[in-house]
Amino acid sequence: LPRPHLAVALERPRAELAARIDRRLEAMLEAGLESEARGLWEAGWTPEDPGIDTIGYQEWWPHFEGLRERGETIAAIRTATRRYAKRQSTWFRNQGDYRTLPADAGSERVIELWRSGR
């Protein structure tokens, strides 16, 4: 028999989400985010170009132009990412009939809810 639709929004506590964002940013920096952005800047790309107008790239241009320190740039990326995560949460809250679960609830819990029709 057909099963009812189940829309699930996974949430994390704000402090945990902020820590995950910080770890992800550090990993991106270690993987060469700054040098990748510098290469794009040196090639003449601008923050208005498609693909460059994203969080993590566009914040570097003021740094490369001598208008912002590296630490300030990293802080700007962190802030922009946290704000984006907050906007995503707000968007999901206003999308209707989503079942909100802790992100660590596991797929078993989602399947259980789906099977029960709740």
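1. Two residues are taken to be in contact when heavy atoms of theirs lie within 4.5 Å. On that basis, and leaving aside its neighbours within four places in sequence, E34 is in contact with W60, H63, F64 and R70. The model is a predicted one, in which local features need pLDDT of at least 70 and side-chain atom pairs count only at pLDDT 80 or more, while totals for chains, interfaces and linings use all residues. Residues are numbered from 1 along each chain as its sequence is written, and side-chain values use heavy atoms, with hydrogens and water left out.

2. E34 has its place in helix α2, where helices are DSSP runs of H or I with at least four residues, numbered from the N terminus. With a relative accessible area of 18%, E34 counts as buried, a word that here stands for under 20% relative accessible area, whereas exposed stands for over 50% and partly exposed for values in between (1.4 Å probe, protein chains only).

3. E34 also forms a salt bridge with R70, in which the closest N and O atoms are 2.6 Å apart; the term requires a side-chain nitrogen of Lys or Arg within 4 Å of a carboxyl oxygen of Asp or Glu. Because E34 lies in helix α2 and R70 in helix α4, this pair ties together parts that are 36 residues apart in sequence. R70, at 37% relative accessibility, is partly exposed.

4. Helix α4 itself covers residues 70-93, and its 24 residues should span 34 Å at 1.5 Å a residue, which agrees with the 35 Å between its end C-alpha atoms; the expected span is 1.5 Å times one less than the number of residues. Within α4, the residues T73, I74, A76, I77, A80 and A85 are buried, and the buried residues of this helix pack against α1 (14-30), α2 (33-42) and α3 (60-64).

5. The count of salt bridges comes to 6. One of them joins E26 to R78, with the closest N and O atoms 3.8 Å apart; since E26 lies in helix α1 and R78 in helix α4, the pair ties together parts that are 52 residues apart in sequence. E26 is partly exposed at 36% relative accessible area, and R78 is partly exposed at 22%. These two residues also belong to a network of salt bridges that links D22, E26, R78 and R82.

6. A further salt bridge connects E112 with R109, the closest N and O atoms being 2.7 Å apart. Both residues are in helix α5 (residues 107-116), and, being 3 residues apart, they are separated by about one helical turn. An α-helix has 3.6 residues a turn, so residues three or four places apart point the same way. E112 is partly exposed at 42% relative accessible area, as is R109 at 25%.

7. Aromatic pairs are rings of Phe, Tyr and Trp (its six-membered ring) with centres within 6.5 Å, and they count as stacked when the planes are under 30 degrees apart, as edge-to-face when over 60, and as tilted for the rest. The count by this rule comes to 5 aromatic pairs. The rings of W91 and F92 have centres 5.1 Å apart and planes at 85 degrees, so this pair is edge-to-face. F92 and Y98 form an edge-to-face pair, with 5.1 Å centre to centre and 85 degrees between the planes. Y98 is partly exposed at 28% relative accessibility. Elsewhere, ring pairs link W41, W60, W61 and F64 into a cluster.

Key:
Helix = DSSP H or I, 4+ residues; strand = E, 2+ residues; numbered from the N terminus.
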